[in-house]
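The sequence and structure come first.

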Amino acid sequence: MAPARGTMDFFAAQAAAKRHTFVLVVLFVTAIALTVAVADVGIALVLSRTAGPLGRGAMAVTGREEDAIGLVTTWMGELLIPVAGVVMAVVALGTAWHALRLAKDGGDAVARMLGGRPVDRLTQEPGERRAVNVLEEMALAAAIPVPRLYQLDSESGINAFAAGTTPERAVVAVTRGAVQKLTRDELQGVLAHELSHVLNHDARINLRLMALVGGLTVLALIGRVLLSVSDGGSSYRRRRSGGGVLLGAGLALLVAGAIGAFFGRLIRLAVSRQREFLADAAAVQFTRNPGGLASALSKVASEGSVLASPHAPEAAHLSGLFSTHPPIEERIRRLGSEPAGATPSAREGEASHPSAGASPEALGLAAAAAVGRLAPEHLAAARDLLASFPPAAADAAREPFGARALALALLLDGEPGLRSRQLAVVSAEPALGAEVTRLAPAVDQVPRARRLSLLDLALPALDGLSADQAQALVRDLAALAEADGRLTLYEWSLQRLVRRRLAPSLGQAPAPIRARALEQVEVEALELLSALAWTGTVDPQAAERALEAGVAAMGVRGTWRILPRDRFTAARLDLALSRLDEAAPPLKATLLAGAAACVLSDGRVTLGESELLRAVAGSLGLPMPTLPPAEGAPTATAA
Amino acid sequence: MYLLAIVLVLVVVLVLWAISIYNGLVTRRNAFRNAFSQIEVQLKRRHDLIPNLVETAKGYLKHERGTLEAVVAARNAASTAAKAAAAAPGDPSAMAGLSAAEGALTGTLSRFLAVAEAYPDLKANQTMAQLMEELTSTENRIAFARQAYNDAVMSYNNARETFPGMLLAGPFPAAQSFEIQAPEEREAVKVAF
């Protein structure tokens, strides 16, 4: 299977962008040299052909026209080199003039021109305060001085830019829309991106390239002036051949300058796009969170980022704006996320369930490919899920004591007699018993398909338990699960997830890596896939097909024989999973892909399959987004 | 004559090259030292913030006295450890003490944040909202300062261990990355119900 994207190698990506920039700058220098050469040769040819004062001089020196080598040498010395010097001087002067003109506007002037208002460092307005704080955090991460922050109050789109040629004089500006509509993580990504422009002197690189392109356009400008002078002259002057020289030289300058400036501009834009990729990769280095920037870019893609200011086009040379950027979808993809266009339902405010309108197969495959990766659609689904939990349960999940009670409440049985026996077990610790009793009605409202998601919510808080408390929880969970004398798949899965999470608190070392190839854990993998195959169906042929699908997804050649259905016990599965936990991460991903394919082979996900798959992913230490179970699907129980 | 000129040019180029490598190492060393001082600045900021935070929260969190006292105690311990570490820069035991104390403070603060979540009155209080934003930011700053330091250390160590930097790495000792929270510090903080 293809490796899950998700983690971007941000150091390598930055190195690649810098390398590409270097190649482009070399190209740029070559383009300038070619332009100067073309203009030079053109003018020199015109001068010698029309036998102007210089051309005649050249011939006079040699005296004999057939002395070709001498002629060429003289031609070079007398014409080509001096003309080249003049052309280069013109380009240099033009570049200097443009450089002065562009550098006149410091970062502050640019920000003000676009309607920016400096934001006070000590502001107490909540949105601004957050923006100032995030900027200072990112400056720390980038190890540069904190730039001044400007806010564009009249801009409601999401955008930001950095201006200023040195880190000390840089400013960063954000639109009001960006401050209001982006979450803290997204704002972090955006500001980290802008700070990379500051850190890597992108504004300065861009200004220099612009000045050089400007220098080349000066050639074309002079050419045009010469043309108009020669054209406007009287026929008398033209006959004296001075007009012809002007016409020829003007034409040479115009053509060389225009073509040179055109290619120079193209290369400058290509450099700018590379700097954007560089800034995206650097933003990931600073935030260590590709999701933040990717999600901000998705919002930009769906809402637009065009600045309304009439001065906006003049600021197009700024890093962070307009057509100097690579396509947004490409940037999101490089950050390891799917572009928003593919998942319009991931937009904020649309509280649709993620399974709506998509086949379970497609969603399931997406989920399997998405292991260990967070995409905007998962965030949207997670928000919906969170909103669906009773507040009492969701609140309890946030602190260790409540989370502990919640885990226990999730195992309470619906049958009253059994439930009171279970509560008696828990009430050995009176405060805990009271909390479980309090949470029970809230937990009862949660449909079984979402109960393991509720547990997921509580797991992080369980880290706060002491070793004694963790042991007590594991003991109590086992007691509750076995109160009715049988162990359901749900009960088993819940216990596995909790135990895996508590492993550090219980003093268990993480599993060492003992297996790197599938062959080393073949027996356990077969056991796992067989269990999954039998969970979804009782039909031997369907189970066989499910196993085959899983085996194929793991890239195994040859066939595996499914293990008999009556062979499975919770203890055996526990053993197989703890052995599989010793697999190297890529192998684990392969195993999970096989497990997901096995579950999806019949195109529907039963509750039991979904729970077992979660327990498997949890046991392997791999996060996995919820596979939505088919509504009303039969539930299965393990022996 | 020509040979001499060529050799001379080569020697000059080599010397310039060596100088640029040496300067690169010095720049990277200073960068990671500066990044380290940033961590200290941010830790100090956290210590200064906590008394205000606790003062504001006190009125609302009457039943969470234990949590608040734990925060104050951890803050005082961390502040003392920071002074000890500043007095003896580079001393491994002082550094270990500091990182243990800061780890403990991180633990109590995250518990405080979790507890505060459950008090709507407290969340609605404007001063508290401002302090929470500052606390969130401070926690981020410490994490990012640490990350920047560790990135700078990596860049420095890469430069001094790879060719050609390794030829001149004599006066540049290897640098250690900074881990604020070792596993045992997690154990050191326990929740008491």
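**Chain contact and sheet**

The contact takes 21 residues from chain A and 22 residues from chain B, where two residues are in contact if their C-beta atoms, placed from the backbone, lie within 7 Å. This is a predicted model, in which local features need pLDDT of at least 70 and side-chain atom pairs count only at pLDDT 80 or more, while totals for chains, interfaces and linings use all residues. Residues are numbered from 1 along each chain as its sequence is written, and chains are lettered from A and ligands numbered from 1 in the order in which they are written.

Side of chain A that touches chain B
- The elements giving two or more residues to this side are α5 (126–142) and α16 (400–409) of chain A; helices (H or I, at least four residues) and strands (E, at least two) are DSSP runs, numbered from the N terminus.
- The largest share, eight residues, comes from α5(A).
- By class, this side has nine nonpolar, four polar and eight charged residues (Ala, Val, Leu, Ile, Met, Phe, Trp, Tyr, Cys and Pro count as nonpolar, Asp, Glu, Lys and Arg as charged, and the others, Gly among them, as polar).

Sheet of chain A
- Four strands form an open sheet with mixed pairing, in the order β1-β2-β4-β3; two strands pair if DSSP finds at least two bridges between them.
- β1 (116–118) and β3 (160–163) of chain A are at the edges with a single partner strand each, so one side of each has no neighbour in the sheet.
- β2 (148–152) and β4 (171–175) of chain A pair in the parallel sense over five bridges.
- A:L152 has A:T175 in β4(A) as its bridge partner.

Helices across the sheet
- α5(A) lies across β2 and β4 of chain A, at about 140 degrees to β2(A); axes are lines fitted to C-alpha atoms, for helices over the stretch in contact, and angles run from 0 to 180 degrees between N-to-C directions.
- α7 (184–199) of chain A lies across β3 and β4 of chain A, at about 20 degrees to β3(A).
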